Amino acid sequence: MTNLRKRLLGALVATAAVVVSLDVTAASAAPTGLTAANFRLQQGAYNPAIAGLDGVLPKAELSDVVESANRTGKTCGAHAPSVVASFCWQSISGADDANTTDWYPQGITTSADADPLGKYQGKTVIATTWYWHAGGTDRGDRVAFVDYSNPDKPVYRFVLLVAPTTTGGKPDFKQMTNSSGESVHAGGVFWYGHYLYVVDTSLGLRVFDLDHIWQVDSTQDTIGLQSNGKYEAFGYKYVLPQAFTYTSSMAGGYPAFRFSSTALDRTTTPVSMVVSEYNTETTDTHRAVRFSLNENDFTLATAQDGLAHGTEAYETGILRAQGTASVRGRFYASTSYSTSSVHYGSLSSFTGSQNVVRYENVLQPYPEDLSYWRDRDQLWSLSEDPGTRVVYAMQESLLAWPTVQNGGSGTDVKALQYLLNGQGDAGLDVDGAFGSATLAAVKRFQTAHGLDADGVVGPRTWKALVPSLTQGATGDSVRGLQAELTAHGRSTPVTGTFDATTTTNLRAFQTASGHQADGVTDMDTWRDLIN
């Protein structure tokens, strides 16, 4: 890395606050729906060697791990839109997680995935996977468990992921490696109950059981059972065992799936998870697939054939997707696509019925996995590159809104004018042209709602403008809804009365967009309509 680039990247993480706007810079066709049931995962047997290790190693709780945190992060800035939280890794001699080239962070999940109340064993935790990147003896993979109870001072400890086995009839374990004998890339992770699910590119999913964390000796740079009867783990105090796997298979002639990232989705019923592919060429596949989960035992839901089948699947066309998450029917993908000299990442967004939209150069350089914290409305991500590693959260409800401003025109401007008339009594002529009268009305509305009166209609202004409407409502806001439904191919007379036809068309639109078809215009429905 050149000194110039080091200075540029260092400035990114040192900045206390970075304002990044979401302006559409590229758009492509809507994702192509695929036969979801053709994507299959088969659960393997629970590893019997775990019971043997339970008998010879002291068990620990995850709360013990985070309470014994031996590293300290720090608050820092992040290059991303609508950032509401961020921190950087420890950077001190001998334990420089911010800059090491031996290990690279990849996946991210939180205790809000593990439990809807947001805590696990009473702890607020962020977990990230790291894979070994240096030469010599492969260390496999580790997880940083971050105690995020105090966002101003995140503390953490690494736990080594291990594969339980037996050696000479004695319980043993080894570092995590794939079929090629290398560390698993661990590009995505989600936490569900007491299981940690980690993607393995060609295999599928590796599942680790947090009910079986073991404390080991941490004095030698070696792994497993030693000749003196002690167990070592490359100096790590705790190890977490792989309990079972999910092996991927395909039907219908579909090519093998590349498991690059994953995320839990607690906004669906039942709870589900999404996996996606990283590929770099337009001739590759770039698929995202949803699978349902069992809430009773925290495993994947299976059909009568004993296999877990996809329930929703798309060819997205998104190149270099590093992470994919879904939130109330809307998908987000963090990508390493960049046109900037410091390799900013990009953010793509789509629904099942809308075009993929890419916002270029809006994410921290070299972005990775995504994870949604539902009750905090936070979309979390992290970056991998030494010198610019940041863990950060974006407010999801402020993402993927269009920006409309003076000089603009079209259906969205018409909807804006209807909404200003309906919500702000603006008295505008609805002509679809953003001129001086509309500009003045926007500024008045922004001032009245405590917003920055810049006349630009972005996420915060849209959120303040869009009302919850249901059958029986009347007025200009209803006209805005009807105009948008018509623009989306649901021909709806613009009468200003929310009648049965409007309800039918709205429900059809909601279904196509992956929302609950309740006939009520919530924020997510408006956001999809205006896009």
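**Reading the predicted model: helix, sheet, cavity, loops**

The buried residues of α6 pack against α5 (411-424) and α7 (459-465).

Biologist: What kind of model is this?

Modeller: It is a predicted model.

Biologist: What makes α6 a helix of the expected reach?

Modeller: α6 spans residues 436-448, which is 13 residues. Its first and last C-alpha atoms are 18 Å apart, close to the 18 Å expected at 1.5 Å a residue.

Biologist: Which residues of α6 are buried?

Modeller: Thr438, Ala441, Val442, Phe445 and Gln446 are buried. Buried means under 20% relative accessible area.

Biologist: How do you know that they lie on the same side of α6?

Modeller: They cover an arc of only 135° around the axis, so they sit on the same side of α6. The face turned away from the buried side carries exposed residues: Ser436, Thr447 and Ala448. Exposed means over 50% relative accessible area.

Biologist: What follows α6?

Modeller: Glycine 450, with a positive phi near 70°.

Biologist: Which non-glycine residue has a positive phi near 50°?

Modeller: Arginine 328. Its place is the loop between β27 and β28 (330-335).

Biologist: Why is arginine 328 called partly exposed?

Modeller: The relative accessible area of arginine 328 is 25%.

Biologist: What is the phi of histidine 343?

Modeller: About 65°, positive, although histidine 343 is not a glycine. Histidine 343 lies in the loop between β28 and β29 (345-350). Its relative accessible area is 32%, so histidine 343 is partly exposed as well.

Biologist: Why point out such phi values?

Modeller: Because most residues other than glycine have a negative phi.

Biologist: How do you know that the bond from threonine 269 to proline 270 is cis?

Modeller: Its omega is near 0°. Proline 270 is in the loop between β22 (261-265) and β23 (272-276).

Biologist: Why are β6 and β31 called edge strands of their sheet?

Modeller: The sheet is open, with five strands in the order β6-β7-β33-β32-β31, and its pairing is antiparallel. β6 (74-75) and β31 (367-373) each have a single partner strand, so one side of each is left without a neighbour in the sheet.

Biologist: How do you know that β6 and β7 pair?

Modeller: Pairing needs at least two bridges. β6 and β7 (residues 83-88) have two, in the antiparallel sense. So the pair meets the cut-off. Threonine 75 stands opposite phenylalanine 87 in β7.

Biologist: What makes β12 a mostly covered strand?

Modeller: Seven of the seven residues of β12 (residues 141-147) are buried. Asp141, Val143, Phe145 and Asp147 point one way, while Arg142, Ala144 and Val146 point the other way.

Biologist: Which strands are joined to β12?

Modeller: β11 (residues 125-132) is joined by seven bridges, and β13 (residues 155-167) by six. Both pairings are antiparallel. Alanine 144 faces threonine 128, and its bridge partner in β13 is phenylalanine 158.

Biologist: How many cavities of 30 Å³ or more does the search find?

Modeller: Two, over the whole structure.

Biologist: What makes a residue part of the lining of the largest cavity?

Modeller: It has an atom within 4 Å of a cavity point. Among the residues that line the largest cavity are Ser276, Glu277, His286 and Phe350. β24 (287-292) and β27 (321-327) each supply at least two lining residues.

Methods. Residues numbered from 1 in each chain as written. Predicted model: local features only at pLDDT ≥ 70, side-chain atom pairs only at ≥ 80, totals over all residues. Heavy atoms only, no water. Helix = DSSP H or I, 4+ residues; strand = E, 2+ residues; numbered from the N terminus. Expected span 1.5 Å × (residues − 1). Buried < 20%, exposed > 50% of the residue type's maximum accessible area, 1.4 Å probe, protein only. Arc of directions from axis to C-beta. Contact = heavy atoms within 4.5 Å. 1 Å grid on protein atoms, 1.4 Å probe; cavity = no way out; pocket = protein on both sides within 12 Å on 5 of 7 lines; lining within 4 Å. Points joined across faces, edges and corners; volume = space filled by probe spheres on them.
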